Amino acid sequence: MTMTTAKKLLKKYFGYDQFRSLQEKVIQHTLDQKDAVVLMPTGAGKSICFQIPALTRPGMCVVVSPLISLMQDQVASLKGNGVEAEFLNSSLSGEESKEIEKRVLNGQIKLLYVSPERLTSEWFLDFLERVKINLFAIDEAHCISSWGHDFRPEYAKLKRLRSRFPKIPILALTATADKTTRRDMIEKLELSNPEIFISSFDRPNLSLTVLPGINRMEHILQFIKKRKNQSGIVYCLSRKSTEKVAAKLSLAGIKSDYYHATLSAKRRKKVQDDFINDRTEIICATIAFGMGIDKSNVRWVIHYNLPQNIEGYYQEIGRSGRDGLPSDTLLFYSFSDVMLLRNFVEENQVKLSKLDRMMQYAEALICR
């Protein structure tokens, strides 16, 4: 009966007649009140795996999200579909936050998006104990792992959820995590005998190309000129590089902008909004850009520098071709990048091993 209800809600709120095979298995497992780890590539429908259980069962789902922009995008999309969703973060005034908290206490919210910092604060945990919760969903859950490619120390405090809410199921979701990272996620979230659901990582619509890191700008300009009016992202290792590459593109008459962590929150939001709404075609960015952005028509991704590991590379190229149409990816590889990245990871053997695998991928003579 519950899955019948779930399918009706899928049609009502999202317009789909059927779940994808793995979605249905995850949802059934979650409705059975069990913990799970879900690995699904970008665009495969991870969010449905917690949104539908949240709507199916009495109570509210608390979603942990690492970025304000990601929360805002997902909540706006849910509201557009008629779902009672809200977020609580630093972008709201005190008055706005209090109004949302009041609606939460009155049982008027089905999905509440929060940052890990807010969720693990003592006052907020006390607040949640006054609310009927049906699920905790940890989005971008690889952030909890010190072996993951985007370690966020504040995620480590999420283990408090298990002791404070021992009977509420926890769903940990990410686009990619190797075995070491998965073990770390399970241990640090204190998941109870979780099922691990792994989707296929094959993205047949993505073309993968690796070139030597010589004359990069010349290659990039040729690449972009062959793809006029297409949205794309150029990932760079440093903030300075993002500005430099964007400036060179602008000089060549190509409309572009740059994005990195030291820009003001207002400026970052404008850059992101302009990209999502096709006012800016190309963004030169550090890896902070693109997580959770719901933009289906990104046609290509370029890596100006070698990424630190395969997982990060996979997530970043996955931001292209989310609509299933053919899309291109281009990676530049140079030994100077390797030496620079070795300095970043220092003597961390796990991260050095991941970097070695990334090098092996870049140097491979077989079809990727």
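Residues are numbered from 1 along each chain as its sequence is written, and side-chain values use heavy atoms, with hydrogens and water left out. Because the model is predicted, local features need pLDDT of at least 70 and side-chain atom pairs count only at pLDDT 80 or more, whereas totals for chains, interfaces and linings use all residues.

Six strands form an open sheet with parallel pairing, in the order 8-13-12-9-11-10, where strands are DSSP runs of E of at least two residues and helices are runs of H or I of at least four, both numbered from the N terminus, and where two strands pair if DSSP finds at least two bridges between them. At the edges stand strand 8 (206-212) and strand 10 (256-259), each of which pairs on one side only. Within the sheet, strand 9 (residues 231-235) runs parallel to strand 12 (residues 298-303) and is joined to it by five bridges, with Tyr235 standing opposite His303 in strand 12.

Helix 11 (residues 239-251) lies across strand 9, strand 10 and strand 11 (282-285), running at about 175 degrees to strand 10. Helix 15 (residues 349-363) lies across strand 8 and strand 13 (327-333), at about 110 degrees to strand 13.

A search of the whole structure finds 22 salt bridges, each a side-chain nitrogen of Lys or Arg within 4 Å of a carboxyl oxygen of Asp or Glu. In one of them, the closest N and O atoms of Arg160 and Glu122 are 2.3 Å apart; Arg160 lies in helix 8 (residues 160-164) and Glu122 in helix 7 (residues 122-128), so the pair ties together parts that are 38 residues apart in sequence.

The structure holds zero disulfides, a disulfide being a pair of cysteine sulfur atoms within 2.5 Å. For Cys236 the closest cysteine sulfur is that of Cys284, which at 5.8 Å is too far for a bond. Cys236 is buried at 4% relative accessibility, and Cys284 is buried at 0%, where buried means under 20% relative accessible area, exposed over 50% and partly exposed in between (1.4 Å probe, protein chains only).

Technical notes:
Contact means heavy atoms within 4.5 Å. Axes are lines fitted to C-alpha atoms, for helices over the stretch in contact, and angles run from 0 to 180 degrees between N-to-C directions.
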